Amino acid sequence: MDSAARANELREKLREASYRYYVLDAPTLSDAEYDRLFRELEELEKAHPELSTSDSPTQRVGAAPSEKFAKVTHRKQMMSLANAMASEEFDEFAERVHRLLGNEPVRYVVEPKLDGLAVTLTYEDGRFVQGATRGDGLIGEDVTQNLRTIKMVPLQLKGTPPKLFEVRGEVFINKRDFVRMNEEREKAGEPTFVNPRNSAAGALRQLDPRITAQRPLSIYFYEVGEAAPFSSHWEKLAKLREYGLRTNPENELCESLDAVRDKYRRMLAKRHELAYEIDGSVVKIDSEDQRRRLGAVSRTPRWAIAWKFPAEEEATTVENIFVSVGRTGALTPVAELKPVYVGGVTVGRATLHNEDELRRKDVRVGDRVFLRRAGDVIPEIVRVIVEDRPPEGRKPFEMPRECPVCGAPVLREPDEAVTRCTNLSCPAQLVGRLRHFASRLAMDITGLGEETCMRLVQTGLVKTPADLYSLTREQWLSLERMGEKSVDNLLAALEASKKTSLRRFIYALGIRMVGEATALALARRFGSVQALLDASLDDIQAVRDVGPVVGNQIWSFVQNSQNQTAIQRLLDAGIAPEPEAAPAASGLFAGKTVVLTGTLSGYTRDQAKAEIERRGGRVAGTVSRKTDLVVVGEDAGTKMKKAQELGVRVVDEKGFTDLLK
């Protein structure tokens with residue numbers, strides 16, 4: 001057999017072996033046999049470069065890193081799914097479907113909701129030619145070379161697919177592979193990854209596909225993009241497998257809603273047995289004709305929904321309780337936990353908020369507790385497993401009477417739940433104030449992290465934020481772990497921060513209860529630092545959204561002689577806050593309050609806020625009856641539900657973009 005024929009034979013054997021291993025889960029070759037054939041093909045192609053083809057199993061890793069990802073316009077929009085967070089919300093979805101379709105029988109397909117990254121792949125004449133991320137649903141990033149590194153992605157389809165065939169899939173990392181990958185990184189002294197989803201997303205967006213190839217990425221295919229002649233989704237999934245595209249074996253065809261609910265319960269019960277992370281079930285209408293008639297709302301189809309699982313809980317042990325001190329002097333009890341994997345991340349600490357919350361939950365050192373990631377973000381102790389306490393009990397935790405950092409007396413005001421350190425010069429408060437002062441939404445001083453702030457306070461070089469601007473280069477270099485390049489970058493960032501807005505400057509001062517929105521309102525009302533310092537209590541309380549309590553906090557702060565001196569020193573250092581532009585009187589959002597929730601793919605939070613404010617609007621952090629509009633992004637939380645309950649108008653990202661246009 002000549003070299004060309006042998007190369008073709010090897011490629012076919014390796015493709016068939018991959019198909020049986022990844023798609024059918026019925027391998028016919030041992031790993032050693034596969035490796036032997038793979039190496040033989042590698043040697044053949046190396047000796048005869050003319051035999052190498054782009055769809056060869058040996059060509060999964062591209063050579064040179066890409067400088068940036070090109071944009072890909074999807075032939076068909078990649079839509080997002082609406083979420084059902086409870087059975088009642090799923091029932092509403094089902095009722096809406098049956099109302100729109102009348103008395104027609106409806107079949108459903110239920111699929112595991114993978115916690116990964118959605119992608120689309122294009123095949124021409126059966127050959128993989130392009131792959132892209134979801135992006136904003138209309139335009140994604142070209143990650144073709146990175147997708148080629150995933151062994152489950154066939155570079156050449158089997159059978160006779162359409163000439164142009166577009167397929168959708170979800171890239172993820174198996175739980176076992178994730179643990180093994182982190183163990184290897186830890187041994188190598190490299191930082192570990194937080195969770196499988198972020199690791200998969202980061203791996204797929206590496207500029208160098210050789211790095212992607214080192215990550216244990218997997219993929220399941222679940223949908224087609226460009227229209228193809230299918231009458232049902234179940235038929236479509238079968239055809240994907242026939243073409244060599246891996247579909248999830250947990251997918252199930254359900255003839256009734258009762259069968260859907262039963263499948264959901266079974267998936268919930270076995271979620272920890274699965275090799276990968278899932279956070280719910282995706283329920284889809286099977287009939288393509290019914291799908292077309294149901295249509296979509298903006299970017300969300302009416303024929304599918306993601307029925308999410310309840311927030312995940314795990315049991316663990318409280319190994320210690322300590323108290324942290326924040327920039328306002330607030331003492332916060334924190335539980336140190338035996339590390340546990342919950343909600344997709346490893347959690348070792350959980351805040352207990354304040355003394356009242358600590359007493360209400362009665363958390364004690366040594367207790368077994370149920371931990372939940374509330375909203376899949378904040379680790380929260382749900383309850384103590386009191387049944388596991390020893391008969392003699394455990395000693396309740398007592399809040400300290402002195403600050404654990406500086407030893408000063410602590411005080412809890414009668415109308416507050418927070419205990420505070422009474423020493424304004426407390427090092428912990430000063431570190432917190434410096435971090436807040438330098439934060440992105442305040443003075444935006446890049447390079448001034450927590451460790452540097454701690455060293456500045458410990459060495460006594462900085463006692464107020466104004467001291468940052470008077471330190472010499474030599475003083476910065478005297479700090480541990482501060483090299484010349486780091487110091488030069490930090491000095492440049494300090495100099496650049498002197499040109500800032502009045503809103504940022506007011507926010508950077510760290511006045512209690514003054515967030516970004518209040519800082520903007522104060523900046524627009526008074527126009528200068530001096531006007532704010534000269535304002536009366538009545539003037540301050542007259543500012544929009546500044547009530548008696550917040551007004552008193554602001555007035556007390558600006559009347560304090562030490563604060564006035566600190567502010568003047570900042571101005572003397574060369575900081576020149578620029579007045580805020582008046583809100584547009586006739587813009588789209590003039591006089592309106594807008595709330596942003598979830599993640600927007602086409603805008604950062606700051607960019608979205610700027611677009612709203614430029615058109616006269618105000619961005620708030622909470623939804624109330626005074627809210628005029630809520631803009632909903634990916635993974636929106638309770639704010640969207642609150643808006644629906646109050647009858648506040650809600651738009652998704654496309655609707656928001658359309659409004660801006």
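Student: What makes Arg473 and Glu484 a salt bridge?

Tutor: Their side chains come to 3.9 Å, N to O. A salt bridge needs a side-chain nitrogen of Lys or Arg within 4 Å of a carboxyl oxygen of Asp or Glu, so the pair qualifies. This is a predicted model: local features need pLDDT of at least 70, side-chain atom pairs count only at pLDDT 80 or more, and totals for chains, interfaces and linings use all residues. Residues are numbered from 1 along each chain as its sequence is written, and side-chain values use heavy atoms, without hydrogens and water.

Student: What does the Arg473 and Glu484 pair tie together?

Tutor: Arg473 is in helix H14 (residues 473-477) and Glu484 in helix H15 (residues 484-497), so parts 11 residues apart in sequence are joined. Helices here are DSSP runs (H or I, at least four residues), as strands are (E, at least two), numbered from the N terminus.

Student: Why is Glu484 called exposed?

Tutor: Its relative accessibility is 52%. Exposed means over 50% relative accessible area, buried under 20%, partly exposed in between (1.4 Å probe, protein chains only), so Glu484 is exposed. Arg473, at 28%, is therefore partly exposed.

Student: How do you know whether Asp286 is buried or exposed?

Tutor: Asp286 has a relative accessible area of 2%, so it is buried. Its side chain meets that of Arg107 in a salt bridge (3.0 Å, N to O). Arg107 has 33%, so Arg107 is partly exposed.

Student: Why are Glu357 and Arg360 about one helical turn apart?

Tutor: Because they are three residues apart in helix H11 (residues 355-361).
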